[in-house]
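Student: I would like to go through a model feature by feature. Please give the general idea each time, then the case at hand.

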Amino acid sequence: MEIRTLRYFLEAAREQSISRAADKVHVTQPALSKQIRELETELGRKLFVRSSHSVRLTDEGMLLRKRAEDILSLVDKTLEEFRNLPEITGGTVYIGCAESRLVSVIAGIIRDFRESYPGFVFRISSGSADDTVDMLDRGLIDLAVIVEPPNLAHYSYLEIPGFDSWGLIVRRDSPLAAKEFITPDDLIGVDLICAERAIRKDIPRWCGEKAEKFRYIGSTNLAYNGSVFVREGLGCQLTFDGIVDVSGESGLKFIPLRPRLTNSLYVVWRKFQVFTPIAGLFVERLKEKLGKSADAVEPMNESSEG
């Protein structure tokens, strides 16, 4: 299975057209069709259902699309790393990032780091802690910024100073908007939206068995999207303070939880991870600014011996 063939396949899947895909990758339509047929023969599975003017993925094709996206992402990341090996003035670091107001600390460190390394480029992927750590384990990102303590058996970490406080996002015309703070009893019978990880871990930590009485009508891993649903009258959202617009024009209000519920933020990487030179330098800068954790290990970069 060749990388080039996977790129052809992925373009055809995105375009849902062999002819448009051929134009995108600058080959003839018969050549691209031949490559895809050979790929189907190699895998022993039909990847596309073809019609006169379009193609659509089979179930097997959808599985390969997911695998191809991961493979090509890792290939592109590797190629970029090697292109940047001779040049320590720059390079790319891939960071998976949770939603948190504390991300501003990382942004400030990156800003200062770019003054020393003007060719430094960051690639941020936002998502849940589970998704972000999965990307880290598969080598698709260099660092993960997550809102829960890392597994110390597998990861080294630095804790970002400060914490995020939980609260409830409501419409300003909601009966709950008059409250100064929200207790667990206030949420019984209320339509709620929350991140799945928080439903499993954080909210039970806040209110114990009362969490079993809450009615969740949906979940989201991006707080902004959840706030749009609240604005449209679809319940209330449990989330962190400071990451959703609750100005007067938004029509929304943030109300803190009582008792208080907070989370810390951590930068994590795999133990004994081999970093590119620029990523290794960036981790050293993080340690300098955040303070070295007792559980953090020295990063190895690709210019190290052994």
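Predicted model: local features only at pLDDT ≥ 70, side-chain atom pairs only at ≥ 80, totals over all residues.

Student: Start with helix 3. How many residues does helix 3 have, and what span should they give?

Tutor: Helix 3 covers residues 29-43, which makes 15 residues. At 1.5 Å a residue they should span 21 Å, and the end C-alpha atoms are 21 Å apart, so the two values agree.

Student: Which residues of helix 3 are buried?

Tutor: First the general idea. An α-helix has 3.6 residues a turn, so residues three or four places apart point the same way. In helix 3 the buried residues are Leu32, Ser33, Gln35, Ile36, Leu39 and Glu40. Viewed down the axis of helix 3, these buried residues fall within an arc of 160°, so they line one face of the helix. Pro30 and Thr41, on the other side of helix 3, are exposed.

Student: Which residues are buried in helix 10?

Tutor: Helix 10, residues 223-231, has Ala223, Gly226, Ser227 and Val230 as its buried residues. Down the axis of helix 10 they fall within an arc of 100°, so they too line one face. The cover over the buried residues of helix 10 includes strand 6 (155-171), strand 7 (191-194), strand 9 (236-240) and strand 10 (252-256).

Student: What does leucine 187 contact?

Tutor: Leucine 187 lies in helix 7 (residues 184-187) and, at 0% relative accessibility, counts as buried. Leaving aside neighbours within four places in sequence, leucine 187 is in contact with Leu168, Ile182, Leu192, Trp206, Phe214 and Leu238.

Student: Next, the backbone. Which residues other than glycine have a positive phi?

Tutor: Most residues other than glycine have a negative phi, and most peptide bonds are trans. Here, glutamine 16 has a positive phi near 55°, and histidine 26 has one near 65°. Glutamine 16 is in the loop between helix 1 (3-15) and helix 2 (18-25), while histidine 26 is in the loop between helix 2 and helix 3. Glutamine 16 is partly exposed at 45% relative accessibility; histidine 26 is exposed at 72%. There are glycine cases as well: glycine 44 follows helix 3 with a positive phi near 70°, and glycine 233 follows helix 10 with a positive phi near 90°.

Student: Where is there a cis peptide bond?

Tutor: The bond from arginine 258 to proline 259 is cis, with omega near -5°. Proline 259 sits in the loop between strand 10 and strand 11 (262-270).

Student: Last, the largest pocket. Which residues are closest to its centre?

Tutor: The largest pocket has a volume of about 360 Å³. It is lined by 23 residues, of which Ser128, Ala195, Arg197, Thr220 and Asn221 are the closest to its centre. Strand 9 gives the largest share of the lining, four residues. Helix 6 (129-137), helix 8 (196-200) and strand 9 each supply at least two. By type, the lining divides into 11 nonpolar, seven polar and five charged residues.

Definitions and conventions. Residues numbered from 1 in each chain as written. Heavy atoms only, no water. Buried < 20%, exposed > 50% of the residue type's maximum accessible area, 1.4 Å probe, protein only. Arc of directions from axis to C-beta. Contact = heavy atoms within 4.5 Å. 1 Å grid on protein atoms, 1.4 Å probe; cavity = no way out; pocket = protein on both sides within 12 Å on 5 of 7 lines; lining within 4 Å. Points joined across faces, edges and corners; volume = space filled by probe spheres on them. Nonpolar A, V, L, I, M, F, W, Y, C, P; charged D, E, K, R; others polar. Expected span 1.5 Å × (residues − 1).
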